[in-house]
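Here are my notes on the pockets and the nonpolar cores. Please read them with the model open beside you.

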Amino acid sequence: MKKISGILFLLCCFLFQLNAQKQDDSSNVIYRDSRVREYLIPASIVWKSDDTGQFVKNAEKLLHGGNGQADLAKDSLCCLINKGSNQASIIFDFGKEIHGGLQIVTGNFTKNNDLKVRLRFGESVSETLSDIGTESNATNEHAIRDFDINLPWLGKLEVGNTGYRFVRIDLLCDSIEVILKEVNAISIYRDIPYLGSFKCNDELLNKIWKTGAYTVHLNMQEYLWDGIKRDRLVWVGDMHPEVMTINSVFGYNEVVPKSLDLIRDITPVEDWMNGISSYSMWWILIHKEWYQHNGNLEYLKQQQKYLVAMLRKFTSMVDENGKETLDGQRFLDWPSSPYPEAVDAGYHALLKMVLEAGNELCTILGDKKTAKLCKDKAALMEKVTPDPVDSKQAAALLSLSNSISTEKANTIIEKDGAKRFSTFYGYYMLRAMAKAENYTGAMDIIREYWGGMLELGATTFWEDFDMDWMKNAGRIDEMPQPGFIDVHATYGNYCYEGLRHSFCHGWASGPTAWLSEYVLGVKVLEPGCKTVAITPHLGNLQWVEGSYPTPKGVITIRHEKMKNGEIKTDITAPEGIKIVQP
């Protein structure tokens, strides 16, 4: 009997251990989220359907926050009431663009099993007023931002996954009411420090630098996205200005190699990344910049097989006369798309830069044969001098590739100021202006173009912008007003007409990287930031200070213009970094 009891005891112990192993087994976990969640109270109420206090009661209570927990307290909570022809509605402003969803905590009201609300997330107030599929082109593509949902009684609901600043809640069903204890935004982002900084005596430039940094930060989700509403995809060309901003603000972050590797692994060498031939070129240029900043030779070696195959493919697409013959979708940016001659000129310049980058990277990797092939083909392309045809995009790339003079490019780019600029290629236009030493002109355009978005209420930079949109425009953080143009619903072209237009687009962050490189004056000369040149260009500024992240630590810098016009500079650099000054 004792023997049987002992066996039963051992069997129970075995089963207990087996069950514990099953509970601890995490073999079905595919990944753990590296992001954090924060809950934000509304900054303000933009609009409510009733100002009498009969159908929307105590709405201001929702501006004071809470603990995210439903309870039986009967303090004067917000109450939405549908009665007769009245439908209770309210629009919240959370103060800034965020990525995430919404948390609604309900109170103690009369139970109803069919308590529905309609939620509409918007990057502008007007987007919260829209209906899917109408002339305004509101959409649920990429991220569902307009839907009906049931609310719990005395409970908490967390819902939504999009990019937004504003939320509209409509109480549905007749003769019904709901008590709202809290309405909080769920902000999902990477909790990383802003190691880089920029500050000068011009507050508008300071705000533009911070807005560009924040725009990219929001797009650093599981992967490096184009936009947090749309497109929530890894678009490689769009990544280039984002990566330049990341280098200037955050330093190394795993989202960059993770995204570069994703697009490499899903794109056979014989195809083009994202179906666009220029985007495969941008993949190579990004790797050059990423290696220059971080100096990670081991990671660069991981790209060698694919990189070399891609470079050999590109060299085969330069004919005996030095003309590029790239196929696939030929794309620079959307505003240049209707002008094939401009696209051709830009493609020539871009391919030349890629081959020069290929020569550098293959030399580092010890592949002398491919390096020489790239060098020879880039030299052959110098026989061709494309006409920029008055295109600011083409002129910028031709200047940066040394295919036309800096003076000619600058003349085209600065003509009419910020008109015909673009959010994506504006970065390269600014770089071409800097190459022509037109720093003051470039800063003026930054103030006018990117500052124009801020003037209309932006807290992140947009997929596209045109200076003509400023005429008689209403602000995006206000209800549309008679006599003023609703910018979000009215403008946009190509794939971003009307409300489909993304108002948080990482490719628009160029001024952040540009101000750090040319005004603060940071230029990496040796991979891994081992040698860094500090050459300030203050233009009409009196002083500038800031910091720049490197693999060895943060460089801090201050430049001040003295009465005699000379620049006094103070620099603190981590050990192991050589600073070069003019």
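1. The second largest pocket holds about 420 Å³ of space. The model is a predicted one. Lining this pocket are 23 residues, and P335, S336, Y339, Q393 and R420 are the closest to its centre. Two elements, α9 and α11, each give two or more residues to the lining. Sorted by class, the lining of the second largest pocket has 12 nonpolar, seven charged and four polar residues.

2. The largest pocket has a volume of about 880 Å³. Its lining is made up of 34 residues, with K288, E289, R431, E517 and K523 nearest the centre. By class, 17 of the lining residues are nonpolar, nine are polar and eight are charged.

3. Which elements supply at least two residues each to the lining of the largest pocket? They include the helices α4 (236–249), α9 (340–365) and α16 (510–519), along with the strands β11 (522–524) and β12 (531–534). The largest share, six residues, comes from α6.

4. In soluble globular proteins, nonpolar side chains tend to be buried together. Here the largest nonpolar core has 127 residues, and F314, W450, W462 and W514 touch the most other members. α9 provides the largest share of this core, 14 residues.

5. What does F314 touch, leaving out residues up to four places away in sequence? Its contacts are W272, S277, S280, M281, I284, L326, L351, V354 and L355. Another core, of 42 residues, lies apart from the largest one, and I104, F121, L157 and A185 are among its members.

Definitions and conventions
Residues are numbered from 1 along each chain as its sequence is written. This is a predicted model: local features need pLDDT of at least 70, side-chain atom pairs count only at pLDDT 80 or more; totals for chains, interfaces and linings use all residues. Side-chain values use heavy atoms; hydrogens and water are left out. On a 1 Å grid over the protein atoms alone, a cavity is a set of points where a 1.4 Å probe fits but cannot get out, and a pocket is an open set with protein on both sides within 12 Å along at least five of seven lines; lining residues have an atom within 4 Å of a point. Grid points are joined across faces, edges and corners, and a volume is the space filled by probe spheres set on the points. Helices (H or I, at least four residues) and strands (E, at least two) are DSSP runs, numbered from the N terminus. Ala, Val, Leu, Ile, Met, Phe, Trp, Tyr, Cys and Pro count as nonpolar, Asp, Glu, Lys and Arg as charged, and the others, Gly among them, as polar. A nonpolar core is a set of buried Ala, Val, Leu, Ile, Met, Phe, Trp, Tyr and Cys residues joined through side-chain atoms within 4.5 Å. Buried means under 20% relative accessible area, exposed over 50%, partly exposed in between (1.4 Å probe, protein chains only). Contact means heavy atoms within 4.5 Å.
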